[in-house]
Amino acid sequence: MDFLPMDGLMLMFLLVMGFLAAFIDACVGGGGLISIPAFMCTGLPPLTVLGTNKVASVMGAFTSFTTFIRNGKVDVPLIRRLFGLSFAGSALGVFAVQMVPSGFLRPLIVVLLVLVAIYTVLKKDWGTENHYHGLTKRMLILSMCAAFTLGFYDGFFGPGTGSFLMFAFLTIGFDFIGAAANARALNFASNIAAAIFFTYSGLVDFGYAIPTGLSMIAGARTGARFAISHGTSFVKPLFLTVTAVMIGKQVIELLH
């Protein structure tokens, strides 16, 4: 494990970016849009950036997850069935990314994010009310496959995981707040698995991860409470905004 020295300016920068990343991630996902570029400014190697980001992010993910649970927004019976699959998928993804270049995924991710955004815009009242009343056997199997696949994707590559998870929960009938809460639960599962296995592989700089993670705790708590208090009218536009920014970022990186 590497431990790079931090000056005061870099520390302040990471604390601010960590807070903002966790705030957005707690509401709609996509916090990696902020935290990963911030960690890249430290000069860490790319894989160590991913590992350090995961260790910091898991602290924020746990905070937003527990905040949503305390407010009764997480479907605990459903998450119990899916949590382990997301964890296992992410662990497998971490090992895969160390052997296979992740760049080939970018064109596919751009297409999928565009489809998610278009579908969300066209379905005007989608996610305004909770229509989830349990899963059929078929939908449960599909949900389990989605949890494992998106867990693998989060450990392997990551960008857009929050959007895809929210989309999946919206599809089975949750409103935007319920989708955000349950997405954070599975995101916590994939983050903690990735954090453990990146640490095992020696790809984490704790000198950066711990202080940034502490600021993410504050950001996640604030973001989750803000989403709960402001409801769908706030979360849906933010979801579309973050998805659009993510599409733009992936297209720019693809062109370069």
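Let's start with H2. Its buried residues pack against helix H1 (8-28), helix H3 (46-70), helix H9 (206-230) and helix H10 (232-255). Contact here means heavy atoms within 4.5 Å. Helices are DSSP runs of H or I with at least four residues, numbered from the N terminus.

A word on the source. This is a predicted model, where local features need pLDDT of at least 70, side-chain atom pairs count only at pLDDT 80 or more, and totals for chains, interfaces and linings use all residues. Residues are numbered from 1 along each chain as its sequence is written, and side-chain values use heavy atoms, with hydrogens and water left out.

Which residues of H2 are buried? Helix H2 covers residues 32-40, and the buried ones are Leu 33, Ser 35, Ala 38 and Phe 39. Buried means under 20% relative accessible area, exposed means over 50%, and partly exposed lies in between, with a 1.4 Å probe and protein chains only.

Now H2 against H3. In general, two packed helices are described by the angle between their axes and the distance between the axes. For H2 and H3, the axes cross at roughly 130 degrees and come within 9 Å. Axes are lines fitted to C-alpha atoms, for helices over the stretch in contact, and angles run from 0 to 180 degrees between N-to-C directions. H2 and H3 are therefore oblique to each other. The cut-offs: under 35 degrees is roughly parallel, over 145 roughly antiparallel, 65 to 115 roughly perpendicular, and the rest oblique.

The handedness is next. H2 passes H3 in a right-handed crossing. A crossing is right-handed if the near helix is turned clockwise from the far one by less than a right angle, and left-handed if anticlockwise.

Who meets whom? From H2 come Ser 35, Ile 36, Phe 39 and Met 40. From H3 come Val 49, Leu 50, Thr 52, Asn 53, Ala 56 and Ser 57. By class, this H2 contact with H3 has six nonpolar, four polar and no charged residues. Nonpolar covers Ala, Val, Leu, Ile, Met, Phe, Trp, Tyr, Cys and Pro; charged covers Asp, Glu, Lys and Arg; the others, Gly among them, are polar.

One more stop in H3. Ile 69 sits in this helix. Ile 69 is partly exposed, at a relative accessible area of 36%. Ile 69 and Leu 15 are 54 residues apart in sequence and 26 Å apart in space, C-alpha to C-alpha.

On to H8. This helix has 25 residues and reaches 35 Å from its first C-alpha to its last. That is close to the 36 Å expected at 1.5 Å a residue. The expected span is 1.5 Å times one less than the number of residues. H8 is mostly covered, with 20 of its 25 residues buried. Just after H8, Gly 202 takes a positive phi of about 70 degrees.

How do H6 and H8 pack? Helix H6 (residues 137-156) meets H8 at an angle of about 45 degrees, and their axes are 9 Å apart. That makes H6 oblique to H8. Their crossing is right-handed. On the H6 side, the contact is made by Ala 147, Gly 151, Asp 154 and Gly 155. H8 brings Leu 186, Asn 187, Ser 190, Asn 191 and Phe 198. By class, the H6 contact with H8 counts three nonpolar, five polar and one charged residues.

Next, Ser 86. This serine lies in helix H4 (residues 76-97). Ser 86 is buried, with a relative accessible area of 2%. Beyond residues up to four places away in sequence, Ser 86 touches Ala 147, Gly 151, Leu 186, Ala 189 and Ser 190.

Is Ala 194 buried or exposed? Ala 194 is in H8, residues 176-200. Ala 194 is buried, with a relative accessible area of 0%. Leaving out residues up to four places away in sequence, Ala 194 touches Lys 54, Ser 90 and Val 94. Ala 194 and Arg 184 are ten residues apart in sequence and 15 Å apart in space, C-alpha to C-alpha.

Finally, the loops. Asp 175 is in the loop between helix H7 (161-171) and H8. Asp 175 is buried, at 17% relative accessible area. Asp 175 and Lys 236 are 61 residues apart in sequence, and 9.7 Å apart in space, C-alpha to C-alpha. Gly 158 is in the loop between H6 and H7. Gly 158 is buried too, at 16%. Gly 158 and Leu 33 are 125 residues apart in sequence, yet 9.9 Å apart in space, C-alpha to C-alpha.

Notes. Helix = DSSP H or I, 4+ residues; strand = E, 2+ residues; numbered from the N terminus.
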